[in-house]
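Here is a short briefing on a predicted model.

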Amino acid sequence: MFLAQRRLCSLDSRAKFLKTIYSSKILGLPASAKMSLKITNAKRIEGLDSNVWVEFTKLAADPSVVNLGQGLPDISPPVYVKEKLSKIAAIDSLNQYTRGFGHPSLVKALACLYEKFYQNQINPNKEILVTVGAYGSLFNAIQGLIDKGDEVIIIMPFYDCYEPMVRMAGATPVFIPLRSKPVDGKRWSSSDWTLDPQELASKFNSKTKAIILNTPHNPIGKVYTKEELQVIADLCIKNDTLCISDEVYEWLVYTGNKHLKIATFPGMWERTITIGSAGKTFSVTGWKLGWSIGPNHLIKHLQTVQQNSVYTCATPLQEALAQAFWIDIKRMDDPECYFNSLPKELEVKRDRMVHLLESLGLKPIVPDGGYFIIADVSLLDADLSDMKDSNEPYDYKFVKWMTKNKKLSAIPVSAFCNEETKLQFEKFVRFCFIKKDSTLDAAEEIIKAWIRQKS
Amino acid sequence: MKKWKGQKSCVDRRYSLWKRTCVRVCVSAGVRTSCLQVKVAPATVEEESLPVLSQQTWGSIPLPDGTANSLEKIANAYPTSSFLDNGISFGFAAEVLLCFSGTLTLELCVGDPRPGLRAIFWPVFSSISSAPGGEVTSVPRLWEACSGMWQPSICIWPGSSRERRLELLSLGACTRLGRGLLSEKSPIATPPTFCSLCLQFAMAKRLQARRLDGIDHNPWVEFSRMASEYDVVNLGQGFPDFPPPDFAVQAFQLALSSDFMLNQYTKAFGYPPLTEILASFFGKLLGQEIDPLKNVLVTVGAYGALFTAFQALVDEGDEVIIIEPFFDCYEPMTLMAGGRPVFVTLKLSPTQDGELDSASNWQLDPTELASKFTSRTKALVLNTPNNPLGKVFSEAELELVASLCQQHDVICISDEVYQWLVYDGHQHISIASLPGMWERTLTIGSAGKSFSATGWKVGWALGPDRLLKHLRTVHQNTIYHCPTQGQAAVAQSFQHEQAHFGQASSYFVQLPEAVLRSRDHMVRSLQSVGLRPVIPQGSYFLIADISDFKSKMPDLPGDAEEPYDSRFVKWMIRNKGLAAIPASIFYSMPHRKHFDHYVRFCFVKDESTLQAMDEKLQRWKTELRP
């Protein structure tokens with residue numbers, strides 16, 4: 001079928017070919033450019049190539065490192081979720097394409113689930129789009145709705161893809177930080193981090209196309225209150241702005257807090273895309289299924305992006321997810337329901353992490369939701385002098401140092417900030433606690449040894 | 001400018017169109033009564049300064065006679081408008097330009113600034129103080145005044161001939177116009193489809209990004225829907241209706257049941273065992289050292305690889321050469337990236353009498369192809385074996401393409417998803433294996449087509465690092481990862497293929513043999529009713545010439561603008577129980593009218609499906625007998 005031998009003398013002839021073709025073009029150009037003048041990237045991705053995950057995941061790949069970095073559970077997903085998938089994979093027809101905007105049984109299950117939270121019925125075909133992870137939903141929403149010259153408000157720190165996605169769409173991100181009130185004596189909580197309403201209002205102008213909201217928040221773990229969401233909703237309505245609400249940690253909310261959907265606020269449904277994730281819902285990040293829910297006049301543009309980018313998502317995973325949802329939809333008030341049992345399980349892990357970090361002398365910000373915890377690590381006075389690349393923010397150096405010397409990895413929080421404000425958050429690092437007990441035990445061992453060493 | 005009695009509207013640019021206000025507009029139209037009433041009332045008043053205009057009514061506006069007749073034409077004149085004409089009467093959804101502060105009157109302007117059209121209703125604004133009487137504003141002025149906002153739209157009021165009211169909710173109105181609300185709060189019996197139309201106007205800013213202009217239509221949606229509505233044998237969409245091979249199914253099962261960590265994220269650019277096996281497998285075929293980390297990117301299907309390639313490499317204003325007929329996504333993907341598709345058509349060279357037409361007779365005209373290359377040409381999309389034609393490009397043809405790409409410093413995006421499906425002793429040649437081409441070629445492949453598992457959505461792009469690094473940037477900002485288990489299953493399946501390469505036990509040997517039998521079966525069967533298949537040398541598809549039908553029954557139902565093949569397929573679905581895809585959708589708009597006499601059939605189908613096809617064709621054949 002292939003003519004492999006074709007390549008036998010190719011190296012030779014290619015070199016010759018290039019010379020004749022490019023000889024006039026390469027004059028005076030550095031060696032790297034001599035292949036071609038035209039074969040370059042599209043401008044939309046200029047400067048978007050660096051990625052914190054690529055770098056730090058590589059660092060943590062060393063098996064001797066306890067990885068509390070990337071937000072991926074190392075606990076097993078619920079048994080019934082795995083079983084459903086195994087059964088489904090045996091059905092022949094489910095190995096082929098399904099409906100592009102979402103496998104019919106999955107969008108139906110999602111509509112049924114979310115109708116419990118919205119006052120209105122949700123049209124499974126017109127108001128839901130199934131995507132390649134919540135990441136894909138974010139991309140579809142931003143590509144579908146954000147144009148060149150638009151402004152998009154991003155609350156800092158932010159899940160790191162928001163900024164490059166907005167830039168790739170040709171728009172300008174406008175940042176506003178969450179600011180913490182001083183906390184004396186008591187524990188520092190994610191709810192101490194708030195937006196200044198005046199400051200937020202000042203970020204809106206006639207070019208503002210959208211605001212990206214993330215609740216429960218990654219990396220701080222903040223769960224926005226009704227009042228806070230009302231401020232955002234009012235500003236969105238007043239300024240005719242869309243809201244892209246990333247709610248992937250919607251079920252992971254701890255005692256005393258409640259997750260609210262901004263789309264259910266008066267006047268917000270028609271301007272909000274709400275994004276959810278199967279990976280976070282059922283601890284199956286590797287399935288890469290997410291969804292966007294919103295009014296058809298917004299969703300249809302996301303659908304257009306979808307039909308021109310991936311067209312459809314994997315069929316067996318969608319069917320398995322639908323069936324898993326039906327199990328839990330039927331027992332939403334039951335403590336067995338994964339939406340209830342997972343946060344219970346994680347709350348224990350969260351408290352354990354809080355104690356651990358406190359025992360090390362840190363003052364972690366106790367999260368109300370999500371599966372991350374951040375702490376100011378500058379209190380540790382780690383000696384980072386042998387860390388090269390002094391231009392890096394403190395937390396980058398610290399995480400590299402900790403990974404190397406303590407075999408414990410985390411993610412620097414300044415990765416969740418834009419270039420100009422990295423300094424504001426460079427003392428924080430993020431730990432992920434959706435980890436099995438043995439992983440947390442290993443982390444505890446490391447930290448105990450660290451304490452002993454310090455004293 | 002024509003004047004209309006008692007009505008006036010003027011657009012005053014003093015108003016800041018962006019400022020908010022919360023106004024609910026109720027428009028009611030008497031159907032068949034030739035009158036129209038307009039009411040403006042504030043809904044939730046958030047601005048104290050807003051005067052309450054509650055229930056102010058402007059009496060009746062006389063409509064000219066025969067208004068309904070001329071309306072259907074307007075749809076084409078104004079692309080943003082939507083029409084649903086029930087032939088009885090009409091109404092409209094006013095463009096909601098309700099973003100005002102200060103005093104506001106909503107006024108309906110009756111009349112048409114364009115000659116030849118009548119009774120278009122433009123909701124426009126004027127200061128309340130301006131007295132009635134004056135000129136109808138012109139459409140351009142209105143648009144100018146509303147620049148940056150949606151253009152005025154019109155639509156027809158659907159439903160039966162009784163009075164209806166339409167509520168348009170402005171931005172601040174605090175209710176979602178949904179089914180529940182409609183039945184409770186207002187006497188509108190308008191179907192939900194219409195409601196969404198209203199909602200569409202609820203945001204004054206343009207909603208969708210400009211990159212989506214003109215790419216929202218997708219022909220598959222319509223034909224897939226029709227195929228599911230009628231009792232048909234579906235030979236339309238290109239997916240196998242038989243299972244993947246046992247070893248692939250087992251590999252998938254293993255991925256699901258072995259390591260539970262396969263339920264979690266893997267490496268962003270590909271599950272390591274998969275990128276490694278792809279590198280070694282294709283490295284041998286292409287005669288190229290392939291680095292799994294630098295020269296391989298795993299994507300969400302080959303479709304995802306194509307999208308990533310266009311986004312990464314095609315910039316605004318760049319030209320992309322596409323060979324017609326082409327897999328239909330190349331054009332919108334180019335457009336979405338801001339590029340300009342430049343089409344070059346495969347030309348059919350005449351065949352001997354009585355000989356069956358062959359896809360290999362469809363050829364590129366070298367002079368024409370060369371003429372399409374310009375200094376703006378960034379890429380050429382090659383698809384071999386080609387969909388929908390089934391053409392396998394010959395070595396000479398590929399050399400022509402390759403030399404032009406090199407001469408003009410152009411990237412070749414080579415879609416080779418059907419590479420294993422090649423028949424009659426033809427050979428698939430990857431253009432990347434030609435001298436000097438690896439450096440400028442992206443070779444795109446598909447596990448779905450390789451292992452008959454389209455639903456797994458695993459594809460890949462292979463190429464030099466200097467191209468792939470840009471694809472990786474797009475990938476990490478679009479989806480970041482692909483699902484893990486599918487990748488694990490594909491990795492295992494390729495290991496199987498590597499071990500059995502070239503042997504009778506290889507799926508890449510077995511599949512084309514099996515599919516070849518289906519092809520020949522279908523070719524024979526289609527001929528029995530007078531469809532004239534063009535024999536494909538590769539792929540899942542063949543196109544059949546329907547020009548005999550076109551001359552015998554030219555007046556199939558459908559829109560006059562609709563290409564013949566599209567009408568033929570609909571007719572065939574309804575009357576003959578067979579679904580196919582019109583070939584004109586694989587052509588650029590201007591060329592569709594020249595290629596409206598082919599339909600595409602997919603033959604990668606189970607034996608039972610082909611038998612069902614035979615039964616349908618048999619019945620069709622009986623009907624043909626006098």
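In this predicted model, the largest cavity lies between domain 1 (49–73 + 335–452) and domain 2 (78–327) of chain A, because both give residues to its lining. The space in this cavity is about 360 Å³.

**Largest cavity**
- The lining has 25 residues, and the closest to the centre are A:Tyr135, A:Tyr159, A:Tyr249, A:Lys280 and B:Tyr265.
- Helices α5 (133–145) and α9 (278–282) of chain A each supply at least two lining residues.
- The largest share, four residues, comes from α5(A).
- By class, 12 lining residues are nonpolar, nine are polar and four are charged.

**Second largest cavity**
- This cavity holds about 120 Å³ of space.
- Its lining counts 16 residues, with A:Phe139, A:Ser309, A:Val310, B:Thr478 and B:Ile479 nearest the centre.
- At least two lining residues come from each of β2 (128–132) and α5 of chain A, and β8 (296–300) and α8 (301–313) of chain B.
- Six lining residues are nonpolar, 10 are polar and none is charged.

**Sheet in chain B**
- Four strands form an open antiparallel sheet in the order β17-β18-β21-β20.
- Strands β17 (532–534) and β20 (581–582) of chain B are at the edges with a single partner strand each, so one side of each has no neighbour in the sheet.
- Two bridges link β20(B) to the antiparallel strand β21(B) (residues 598–602).
- B:Ile581 sits opposite B:Arg600 of β21(B).

**Helices on the sheet**
- Helix α15(B) (residues 507–527) touches β17, β18 (541–545) and β21 of chain B, at about 15 degrees to the direction of β18(B).
- Helix α17(B) (residues 564–576) touches β20 and β21 of chain B, at about 50 degrees to the direction of β21(B).

Key: Residues numbered from 1 in each chain as written. Chains lettered and ligands numbered in written order. Predicted model: local features only at pLDDT ≥ 70, side-chain atom pairs only at ≥ 80, totals over all residues. Heavy atoms only, no water. Pairing = 2+ DSSP bridges. Contact = heavy atoms within 4.5 Å. Axes fitted to C-alpha atoms, helices over the stretch in contact; angles between N-to-C directions. 1 Å grid on protein atoms, 1.4 Å probe; cavity = no way out; pocket = protein on both sides within 12 Å on 5 of 7 lines; lining within 4 Å. Points joined across faces, edges and corners; volume = space filled by probe spheres on them. Nonpolar A, V, L, I, M, F, W, Y, C, P; charged D, E, K, R; others polar. Domains from an automatic or database assignment.
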